Amino acid sequence: MKISDWLDKQEADKKDVSQADIPRDVAFDSEPDETIFFKEIRPCTMLCTENHPYAKVERYGHWYAATGQDKQAGIHSNAMRWKLYTRDKDLALKTAKERIE
């Protein structure tokens with residue numbers, strides 16, 4: 001099952017999917033149709049494997065997944081992670097850009 005199909009099914013069951021936790025088996029088998037936006041704040045070297053604030057918007061069919069970690073969390077933090085699933089591309093992009101600024 002694709003992420004877009006799973007979100008459609010949840011929405012049909014009258015569930016709020018905006019903050020949904022996608023099951024691992026569904027997420028593992030799904031690749032985005034496209035990445036629309038990506039920004040990462042990485043003041044350390046490219047070789048650093050720690051966490052860095054980021055924002056990303058990916059399209060899965062007619063759904064947009066905006067995910068990231070707020071800039072306010074700081075470098076190498078695991079806090080302030082966020083996600084938003086929506087059919088509104090503009091809302092997904094606006095949310096991602098606001099959270100990383």
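Student: How many helices and strands does the protein have?
Tutor: The protein has three helices and four strands. The model is a predicted one.

Student: In what order do the elements run from the N terminus on?
Tutor: The order is α-α-β-β-β-β-α.

Student: What does the C-alpha trace span along its principal axes?
Tutor: The C-alpha trace spans about 45 × 25 × 25 Å. Of the 101 residues, 39% count as buried. Among contacts between residues at least 6 apart in sequence, 48% join residues at least 24 apart.

Student: Now the sheet. In what order do the strands lie?
Tutor: The four strands form an open sheet in the order β1-β2-β3-β4, with antiparallel pairing. At the edges are β1 (34-40) and β4, each of which pairs on one side only. From one strand to the next, the twist averages 10 degrees.

Student: And over how many bridges do β2 and β3 pair?
Tutor: Strand β2, residues 54-60, pairs with β3 over seven bridges in the antiparallel sense. As for individual partners, R59 has Y64 in β3 as its bridge partner.

Student: Which strands does α1 lie across?
Tutor: Helix α1, residues 3-12, lies across β2, β3 and β4, and runs at about 100 degrees to β3.

Student: What about α3, which strands does that helix lie across?
Tutor: Helix α3, residues 89-100, lies across β1, β2, β3 and β4. Its direction is at about 170 degrees to that of β4.

Student: Back to α1. Which of its residues are buried?
Tutor: The buried residues in α1 are I3, S4, W6, L7 and Q10. They lie on the same side of α1, because they cover an arc of only 160 degrees around the axis.

Student: What do those buried residues pack against?
Tutor: The buried residues of α1 pack against α2 (24-28), β2, β3 and β4.

Student: Take Q10 on its own. Why does it count as buried?
Tutor: Q10 has a relative accessible area of 12%, and the cut-off for buried is under 20%. Leaving aside residues up to four places away in sequence, Q10 touches K15 and V17.

Student: What comes just after α1, at K14?
Tutor: K14 takes a positive phi of about 65 degrees there.

Student: Are H76 and M80 buried, partly exposed or exposed?
Tutor: H76 is partly exposed, at a relative accessible area of 38%. M80 is partly exposed too, at 35%.

Student: And A73, where is it found?
Tutor: A73 is found in the loop between β3 (63-69) and β4 (81-86).

Student: Is A73 buried or exposed?
Tutor: A73 counts as buried, because its relative accessibility is 18% and the cut-off is under 20%.

Student: What does A73 touch?
Tutor: Not counting residues up to four places away in sequence, A73 touches A79 and M80. Its C-alpha atom is separated by 7.1 Å from that of P53, which is 20 residues apart from A73 along the chain.

Student: Which residues are closest to its centre?
Tutor: Of the 13 residues that line the largest pocket, I3, D21, I22, A27 and Y85 are the closest to its centre.

Student: Which elements give two or more residues to the lining?
Tutor: Those elements are α2, β2, β3 and β4. The largest share of the lining, three residues, comes from β2.

Conventions. Residues numbered from 1 in each chain as written. Predicted model: local features only at pLDDT ≥ 70, side-chain atom pairs only at ≥ 80, totals over all residues. Heavy atoms only, no water. Buried < 20%, exposed > 50% of the residue type's maximum accessible area, 1.4 Å probe, protein only. Contact = heavy atoms within 4.5 Å. Pairing = 2+ DSSP bridges. Axes fitted to C-alpha atoms, helices over the stretch in contact; angles between N-to-C directions. Arc of directions from axis to C-beta. 1 Å grid on protein atoms, 1.4 Å probe; cavity = no way out; pocket = protein on both sides within 12 Å on 5 of 7 lines; lining within 4 Å.
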